[in-house]
Amino acid sequence: MASPRLRISKRILDEIDKQIEDENVKELARNLLQFELEYWRIEKPHFKEFFNNQLIIYCRKKMQKS
Amino acid sequence: MKIQSVELENYRQYRGKVAVELTCDPTRNISIIQGVNGAGKTNMLNAVNWCLYSKEEHLSKYDAKKQPIINDAELRELPEGEKIYAQVTVKMIDEKDNNRFYQFDRRIGAKKDGNGKVIFDSEPEFHVYMQIKQDIQEIRETEMLINRILPHGVKSFFFFDGEQLDEFFKEERSTKVREAIFDVSQLYLLDRTIEHFEKTISSIRGEVRGENPQVDQIQEKIREVEKGLESNREGKKEKEEKLREIRGKITEIENRLKDCSESVVRALQNQRGSLNTRLEEIERRIEKTKEQVTDNIIETGPLIYCFPAITEAIVQIDQKAEKGDIPPKIAQTFVKELLEKGECICGTNTEANIEARRRLEELLKKARISEIYEEILGLKYDLNPIKERVADFLEEQNTLRKNIMSLEQEKDGVKRELQEISTKLQGINVEEITNLEIARNQLKREEEALIREIGVLEQRIETARLALDRFQKELNDELKKSKKFAEVTERLNLATLTLNALVTIRQKLIDDIRNTIQEKTREYFLRLIWKKETYDTVIIDNNYSISVINKLGSECLGTLSAGERQILALSFLAALREVSGFDAPIIIDTPLGRISKEHKESIAELLPEFLRDAQVTMFMTDEEYTPRVRQLLSRKVDKEYELCYDESKSQTTVKPYGK
């Protein structure tokens, strides 16, 4: 069985590109929105765990970069 | 995404298999399905809705009661023990995703038991297939796919019944407009992410609990504020829900009074309708004038602070000018030239005569001061307009305040008239009317109280938010002092940065989208409406309340005819569709249903232009699809069908139009 992928609206993605300069923050914001989009109404995920993990990943990326 | 075909089998009046292919041509993007009333147009729209969403939202009361979902004749002839199905198949193609093909099948079965009783399946079966390269595979997350194509909350702006459009703006509308805008632009997605982000931040802060007394103390304050914030938000949500409910009940009572058999009640209710419209307009004008007062203060405020200094400066300049200190008597450039030349105006050689040179140098110093005086004199001409602007400001503010007072008086007058109508309605000797009016007044009081309570809660939320910001900064400063908290601080900083960006993006999108939808709705409405000299503009305000303003500047939504309301709803839906970014097909049942004969043609001419980028399917009656309308649409129409209903067989068949 196949599964389709939901898309965040282009308007929101464009606004993220415009308003956020830091590439790390941009990517993090997109990931969190994609997560919310896919799990909405379908199941109740542990969002705190996902959000926190994402923050840890992007903090590390930021530290590696600097 | 386009619908290639709709196939029906034994669905309601469609007996056996019936298939309709729709246009996928981007230039000739319209398909017409024509049929007289009762031929099965709305049920074909229902079939698409049922197949994709398992709902037949446009089902008439007659069909719901008299006609089962499986064709009646087929059910009658079904032998005992055998099973029959009603099935709808919708085939779609996503041209923006390599022409990927999708097939949606929904079917429901029924069989006859030994006593001839028909037993339906408790749930329909639903299967979705997707083409991946050369293979066709069944899709597991069907709801997810439907959400990607056209979410349930948005579909009513793409698949709709034209005749019911005028209801769209009849009842409490700001909630509908807000929900529509939020649905089509995925703003709920941002809301949810922001809410979850706030909770995550709070949980990260919890990780450093018990490590440092100072940090703990600030955390305690944050928790208290967050608790209050949460409870105020919940309270606000509940009250808003209650307000919606109350407004719905008020509309229901008002509609009942409007349709009452007593002519005096109808007249009073209509009068009340007009007075309410006037009241709304006055309130709008008061609000606008108050905004002007504030804007003026913001703009001129700094000048008012400087006003005493400006006045003093002008007096001093005048005094200097009177004394002859300004304008300067000695030109700096002239003295400079004499010094460079080495010869005074009297002919003395200043290179040789040191005393003469010293005198010239002293003169140059004075000349420099004089230059400054010249600038001061120039300044007077800059300061005078500022002084005048301040004087004008005071006059403008006085006029605006007077306007507000007179509008407030007018508002009180309208309120008194409304009160008189209410007293008259309560005094009418018909028990039902008196009771309705008493109930309405009670609801109105509850409505006012709720609006006040919501305002108080909003204020508390704002105060809590500011306090939270302050404590968060304090916490960050405290955490920075210790290396032990470096990792948590980093995470908190990144989280706060991202959260703030999302909050900004949300607000920007809300403003942009509301403005764009307002602009588009206005543009479409003013182009489609026939009374071009009557209407001036359409406004969607910050509270998502929609108003139509006439050329005299009055709000007139309440007085639009059914046809005009349909045009407004069509314009709003076309604007929503354009802003939504959903590349979904549009299906309209009886698009010109409520439009008078003489205006059908002009709308038929403009409609394809507004829906130019979408695949459009229109179900039209013979009264709508007249030869003239057909001619006007001909350049855009690719497929035309006719639904033929055979009453003797209770069955609808489909054939190419006119054959």
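B:Gln426 counts as partly exposed, because 15 C-beta neighbours lie inside 10 Å of this residue, and a residue is called buried only if 20 or more other C-beta atoms lie within that distance. Please bear in mind, colleagues, that this is a predicted model. B:Gln426 has its place in helix H11 of chain B, which covers residues 354-427. Which residues does B:Gln426 touch, once its neighbours within four places in sequence are left aside? The contacts are B:Thr434, B:Glu437 and B:Ile438. For B:Ile438, the separation is 12 residues in sequence and 6.8 Å in space, taken from C-alpha to C-alpha.

I turn now to another helix of chain B. Helix H9, residues 263-323, contains 61 residues, and its first and last C-alpha atoms are 85 Å apart, close to the 90 Å expected at 1.5 Å a residue. Where in H9(B) does a kink lie? The kink is at B:Cys306, amounts to about 55°, and comes shortly before the proline B:Pro308. The buried residues of H9(B) are B:Val265, B:Leu268, B:Gln269, B:Arg272, B:Ile282 and B:Ile317. In an α-helix there are 3.6 residues a turn, so residues three or four places apart point the same way.

Let us move to the sheet. Chain B contains an open sheet of 6 strands with mixed pairing, in the order E9-E12-E13-E3-E14-E15. Its edge strands are E9, residues 159-161, and E15, residues 651-656, each of which pairs on one side only. On average, and with direction ignored, neighbouring strands of this sheet are turned by 15° against each other.

Why is E13(B) described as largely enclosed by the rest of the structure? The reason is that 5 of its 5 residues are buried. B:Val616, B:Met618 and B:Met620 point one way from E13(B), while B:Thr617 and B:Phe619 point the other way, and all of them are buried.

The pairing around E13(B) can be followed strand by strand. E12(B) and E13(B) run parallel and are joined by 4 bridges, and here B:Asp589 stands opposite B:Phe619. E3(B) and E13(B) also run parallel, with 5 bridges between them. B:Gln34 has B:Met620 as its bridge partner in E13(B), and in E14(B) B:Gln34 stands opposite B:Glu642. Strand E3, residues 30-34, and strand E14, residues 637-646, pair in the parallel sense over 5 bridges.

Two residues in loops of chain B deserve a remark on their backbone. Most residues other than glycine have a negative phi. B:Ser54, although not a glycine, has a positive phi of about 65°. B:Ser54 is found in the loop between H1 and helix H2, residues 61-66, of chain B. With 13 other C-beta atoms within 10 Å, B:Ser54 is partly exposed. The second case is B:Thr590, whose phi is positive at about 40°, again without its being a glycine. B:Thr590 lies in the loop between E12 and helix H15, residues 597-610, of chain B. Is B:Thr590 buried or exposed? B:Thr590 counts as buried, because it has 24 C-beta neighbours inside 10 Å.

Chain A has 3 helices and 0 strands, in the pattern α-α-α along the sequence. Of its 66 residues, 24% are buried. As for confidence, chain A averages a pLDDT of 83, and 80% of its residues score at least 70. In chain A, confidence is highest in helix H1, residues 10-19, at 91, and lowest in helix H3, residues 47-65, at a mean of 88.

How many residues of each chain take part in the contact between the two? There are 37 residues of chain B in contact with 33 residues of chain A. On the side of chain B that touches chain A, at least two residues each come from strand E7 (125-132), strand E8 (135-138), helix H4 (142-149), helix H7 (187-206) and helix H13 (486-528). H13(B) supplies the largest share of that side, with 12 residues.

Terms used:
Residues numbered from 1 in each chain as written. Chains lettered and ligands numbered in written order. Predicted model: local features only at pLDDT ≥ 70, side-chain atom pairs only at ≥ 80, totals over all residues. Buried ≥ 20, exposed ≤ 12 C-beta atoms within 10 Å, placed from the backbone. Expected span 1.5 Å × (residues − 1). Bend = angle between axes of the 7 residues up to and from the residue. Pairing = 2+ DSSP bridges. Axes fitted to C-alpha atoms, helices over the stretch in contact; angles between N-to-C directions. Contact = placed C-beta atoms within 7 Å. pLDDT = per-residue confidence, 0-100.
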